[in-house]
Each structure stands twice: as C-alpha cells, then as structure tokens.
Amino acid sequence: MDLVLNVADYYFFTPYVYPSTWPEDEIIRQYLSLLVVTNLGAFILYFFFATLSYYFVFDHSLKKHPLFLENQVYREIKYTVQALPWISIPTVLLFLVEVRGYSKLYDNIEDSTYGWPGVIFSMMSFLFFTDMAIYWIHRGLHHKLVYKHLHKPHHLWKIATPFASHAFHPVDGFLQSLPYHVYPFIFPLHKVVYLGLYIFVNVWTISIHDGDFRVPGFLEAVINGSAHHTDHHLYFDYNYGQYFTLWDRIGGSFKYPSAFEGKGPLNYMKTITEEKLNDHGGNGCKNEQFFSGKSLKTK
Ligand SMILES: [Zn+2]
Ligand SMILES: [Zn+2]
C-alpha cells in the first residue's frame with residue numbers, strides 16, 4: 001500500500017493538502033492519507049465493477065422473483081455505503097503497520113527467493129490461504145451466537161444482486177477481509193501482486209453475487225462460483241467458500257448448486273415466464289419443484 005500512498009502524496013497530499021511542515025512519513029498523516037485512499041479505492045471498485053456486473057451480467061428478470069425485496073438494490077447500496085467507511089478504520093490500521101515496514105511485502109522480483117516461479121507460487125498460496133481462512137471465519141459467523149448480530153444483514157438478500165457483494169455489517173466485512181490483510185505479514189508477497197489481488201478479491205466477491213452461473217465445465221467441480229453462492233444465500237448452511245469448493249467438501253458443507261440441476265432462481269423465472277407466455281393456467285404446481293418455500297430455511 002506504500003506504492004499507492006507515495007503516488008497520492010506526490011500528486012495530491014503534499015502539494016495541495018498538508019502543510020509543508022508535516023513530514024510524509026509521520027504516522028498520523030499516514031493514517032489519515034491511507035483512510036482517504038482506502039475509502040476512495042473501495043468505493044470506486046465497488047461502484048465500477050458492481051455497476052458493470054449489474055447491467056451486463058445480472059439477469060434483471062430475477063428482480064421479479066418472489067424473494068426479491070422491495071427497493072432491494074437501493075437497500076444493498078445504502079447498506080454498503082454505510083458499512084465501507086467503518087470497515088476501513090481497522091483495515092487502515094493494518095495498512096499502516098504494513099506501510100511502516102512490518103510486513104513481508106517486497107518490491108522487486110529479485111527479492112523473491114525463487115524469482116518468477118516464487119511470485120506465481122505466492123499467488124496460488126494466497127488464494128489457498130485466504131480461501132481456507134474465509135471458509136472458517138464465514139462458517140463461524142453462521143454460529144447461532146454470532147449470526148444474528150453480525151452476519152444476518154448479508155443474508156437479508158435471498159436473491160442477491162452484485163450490489164449485495166459488499167453489503168455486510170462492518171465487523172462481518174472486516175473479519176471476512178482479514179485473511180487478505182494478514183497474509184503478507186506471514187508470507188512474502190510482491191507489492192504489485194498484493195495490489196492486483198486486492199482488485200481481484202473485490203471483483204470476485206462481486207462476481208459470486210451476480211446470479212450468472214457460467215463456469216467452464218471442467219472447473220465446475222472446483223470453483224465456488226455464483227451458482228454456489230446463490231445457494232448459500234438461499235439455503236444458509238452450504239457453500240461457505242470463496243474461490244474453491246475444497247473446504248466445503250472437507251467441512252461437509254458442499255451442496256451441488258441447484259442452478260446446475262436446472263432448479264435455481266433463474267430457472268424458476270424462466271419457467272414462470274414461459275408458462276405465462278403459453279398461458280398454461282393451472283400449471284402453477286410445476287413451479288414448486290424449483291422453489292418450494294418448504295425447502296428454504298428462514299433465519
Ligand atoms: Zn453466510
Ligand atoms: Zn453473499
């Protein structure tokens with residue numbers, strides 16, 4: 001994050017904002033600058049990618065689904081906008097510790113013990129580590145003592161849109177992002193890779209809320225995509241994972257996505273639309289195989 005802070009200092013904070021007597025490496029100044037940069041970055045990433053996903057990937061017929069809430073998109077955005085600044089307060093503390101040189105982030109490829117292969121390996125290790133840690137944190141957030149206080153707001157949305165991707169209680173949002181921030185304090189990681197992964201993690205989180213279920217066939221068994229996370233929002237106790245299905249399989253919480261069986265929310269919408277078009281009155285019971293209220297838990 002020092003790369004971003006240096007650029008922000010050079011082009012903005014030093015010439016236009018802070019008095020020249022306030023040194024760039026002073027800790028309070030660094031915290032305040034990181035707070036501004038982190039919030040700006042998070043809002044830009046959220047609005048840019050969630051908007052793209054909402055208009056180009058998300059199927060708007062889902063907004064007519066019986067479980068889609070009134071004004072849901074507005075509520076998802078409002079919840080996120082209120083949560084992100086709170087999440088940034090502890091997050092920036094971790095960035096500050098990192099900027100002051102206490103992490104294992106490095107600047108040059110040559111600093112990696114194994115060169116490029118080491119950098120590539122660190123990306124895979126980052127994904128594996130964060131996937132494992134988020135799985136257990138997320139699962140912990142579903143514990144009955146914690147769930148209603150911290151994680152329930154994110155499950156308000158049964159049929160999520162990309163704008164629900166960051167709509168968390170601030171403590172929940174921070175806890176689920178913690179593995180990302182902790183990783184470079186435990187393992188070496190290239191600074192640019194770290195920034196790239198920050199963007200990737202945010203885009204991925206949006207993508208598993210977009211309701212679009214396309215995953216290349218050979219990856220279907222391995223990747224925890226939108227279809228899996230859709231079922232997490234609908235059925236609660238399954239598919240806690242982030243990128244891979246691995247920990248759900250190990251932890252016994254894997255559920256083959258209903259969308260892959262033709263029984264997801266989009267299949268439901270297609271069926272009722274076709275029925276309306278064909279004017280097959282009295283065929284309503286057919287829908288129940290896709291979406292029976294009985295099969296859903298309401299927590
Ligand atoms: Zn959950
Ligand atoms: Zn979600």
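Where does UniProt place the feature "domain: Fatty acid hydroxylase"? The record, an unreviewed entry, puts it at residues 124-252. UniProt positions are given here in the numbering used for this model, with feature names shortened, and such annotations may be inferred rather than shown by experiment. Before going further, some ground rules: this is a predicted model, in which local features need pLDDT of at least 70 and side-chain atom pairs count only at pLDDT 80 or more, while totals for chains, interfaces and linings use all residues. Residues are numbered from 1 along each chain as its sequence is written, and chains are lettered from A and ligands numbered from 1 in the order in which they are written.

Over residues 124-252 the chain is 57% helix and 2% strand, and the end C-alpha atoms sit 23 Å apart. Helices (H or I, at least four residues) and strands (E, at least two) are DSSP runs, numbered from the N terminus.

Several H2 residues are buried, among them Gln-30, Leu-34, Val-37, Tyr-46 and Phe-49. Buried here means that 20 or more other C-beta atoms lie within 10 Å of the residue's own; exposed means 12 or fewer, and partly exposed is in between, with C-beta atoms placed from the backbone. What covers the buried part of H2 includes helix H1 (2-17), helix H3 (72-102) and helix H7 (191-207).

How do H1 and H2 meet? They pack at an angle of about 95°, with their axes 10 Å apart. The axes are lines fitted to C-alpha atoms, for helices over the stretch in contact, and angles run from 0 to 180 degrees between N-to-C directions. The two helices are therefore roughly perpendicular to each other: that label goes to 65 to 115 degrees, while under 35 is roughly parallel, over 145 roughly antiparallel and the rest oblique. On the H1 side, Val-4, Leu-5, Ala-8, Asp-9 and Phe-13 meet Gln-30, Ser-33, Leu-34 and Val-37 of H2. Contact means that the C-beta atoms, placed from the backbone, lie within 7 Å. By type, the residues of this contact divide into 6 nonpolar, 2 polar and 1 charged. Ala, Val, Leu, Ile, Met, Phe, Trp, Tyr, Cys and Pro count as nonpolar, Asp, Glu, Lys and Arg as charged, and the others, Gly among them, as polar. Elsewhere in H1, Phe-12 counts as partly exposed, with 14 C-beta neighbours inside 10 Å.

The record also has something to say about this part of the chain. For "transmembrane region", the unreviewed UniProt entry lists residues 31-58, 79-96 and 116-137. Residues 31-58 are 93% helix and 0% strand, with end C-alpha atoms 37 Å apart. Residues 79-96 are 100% helix and 0% strand, and their end C-alpha atoms are 26 Å apart.

Most residues other than glycine have a negative phi. Asn-71, in the loop between H2 and H3, has a positive phi near 50°. Asn-71 is exposed, with 8 other C-beta atoms within 10 Å. Asn-239 also has a positive phi, of about 55°, and lies in the loop between helix H8 (226-235) and helix H9 (246-250). Is Asn-239 buried or exposed? Buried, with 26 other C-beta atoms within 10 Å.

His-232 has 24 other C-beta atoms within 10 Å. Leaving aside neighbours within four places in sequence, His-232 is in contact with Tyr-238, Asn-239 and Tyr-240.

Finally, H10 (residues 265-278) holds Ile-272, which is buried with 20 other C-beta atoms within 10 Å. The C-alpha atoms of Ile-272 and His-65 are separated by 9.9 Å, though the two are 207 residues apart along the chain.

Key: Two residues are in contact if their C-beta atoms, placed from the backbone, lie within 7 Å.
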